[in-house]
Amino acid sequence: MDTDRFQRHDGSGLPKATADQEDRLIVISAVTALDSSLSTIRHVTRTPVFTMTIHRRQIERNLRSYRPLRHLPLTLAHCQARLQ
């Protein structure tokens, strides 16, 4: 990328905090347990990195995290009892 003020080359910036083997462990643990949180994946893989690093590695592999469940969905029996 070239602009008026600066020129950025591929590979410039901070080096990666995780090795390729750690990246594979993160992806495997994210795929096997889809409902696990980022901190759970960090504890399972025993990688000393921030949760945002794990989130970035998932995005690099096109793994999107699911939205956490905010409330329990009501069943049909709950809805009928509430209407009555």
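Modeller: Happy to; here is a short tour, starting with the whole chain and then going residue by residue. This is a predicted model, where local features need pLDDT of at least 70, side-chain atom pairs count only at pLDDT 80 or more, and totals for chains, interfaces and linings use all residues. Residues are numbered from 1 along each chain as its sequence is written, and side-chain values use heavy atoms, with hydrogens and water left out.

Colleague: Great. How many helices and strands are there in the protein chain?

Modeller: Four helices and zero strands, so the order from the N terminus is α-α-α-α. Helices (H or I, at least four residues) and strands (E, at least two) are DSSP runs, numbered from the N terminus.

Colleague: And what is the mean pLDDT of the chain?

Modeller: The mean is 78, and 80% of the residues reach 70 or more. pLDDT is the predictor's confidence in each residue, from 0 to 100. Among the elements, α2 has the lowest mean at 84, while helix α4 (residues 76–83) has the highest at 90. Where pLDDT is low, the predicted coordinates should not be read in detail.

Colleague: Noted. What share of the chain is buried?

Modeller: Buried residues are 17% of the 84 in the chain. Buried means under 20% relative accessible area, exposed over 50%, and partly exposed in between (1.4 Å probe, protein chains only). The accessible surface comes to about 7700 Å², with 55% of that belonging to carbon and sulfur atoms; the areas come from the Shrake-Rupley method with a 1.4 Å probe, and for residues only the protein chains shown count as cover.

Colleague: Which residues form the largest nonpolar core?

Modeller: There are five: I26, A30, I41, V49 and I54. A nonpolar core here is a set of buried Ala, Val, Leu, Ile, Met, Phe, Trp, Tyr and Cys residues joined through side-chain atoms within 4.5 Å.

Colleague: What does I41 touch?

Modeller: Not counting residues up to four places away in sequence, I41 touches I26, S29, A30, S36, I54 and Q58. Contact means heavy atoms within 4.5 Å.

Colleague: Switching to α2: is T45 buried or exposed?

Modeller: T45, in helix α2, is buried, with a relative accessible area of 12%. A polar atom of its side chain lies 2.8 Å from the backbone oxygen of I41 and 3.4 Å from the backbone oxygen of R42. Leaving aside neighbours within four places in sequence, T45 is in contact with L25, I26 and S29.

Colleague: Which side chain makes a polar contact with the side chain of T45?

Modeller: That of T47, at 3.3 Å. A polar contact is a pair of N or O atoms within 3.5 Å; within protein, one must be able to donate a hydrogen and the other to accept it, and residues adjacent in sequence count only if both atoms are side-chain atoms. T47 sits in the loop between α2 and α3 and counts as buried at 4% relative accessibility. Beyond four places in sequence, T47 touches E22, R42 and I54.

Colleague: Last one: where does S37 lie?

Modeller: S37 is in the loop between α1 (20–32) and α2 (38–45), and it is partly exposed at 34% relative accessibility. The side chains of S37 and T40 are joined by a polar contact of 2.8 Å.
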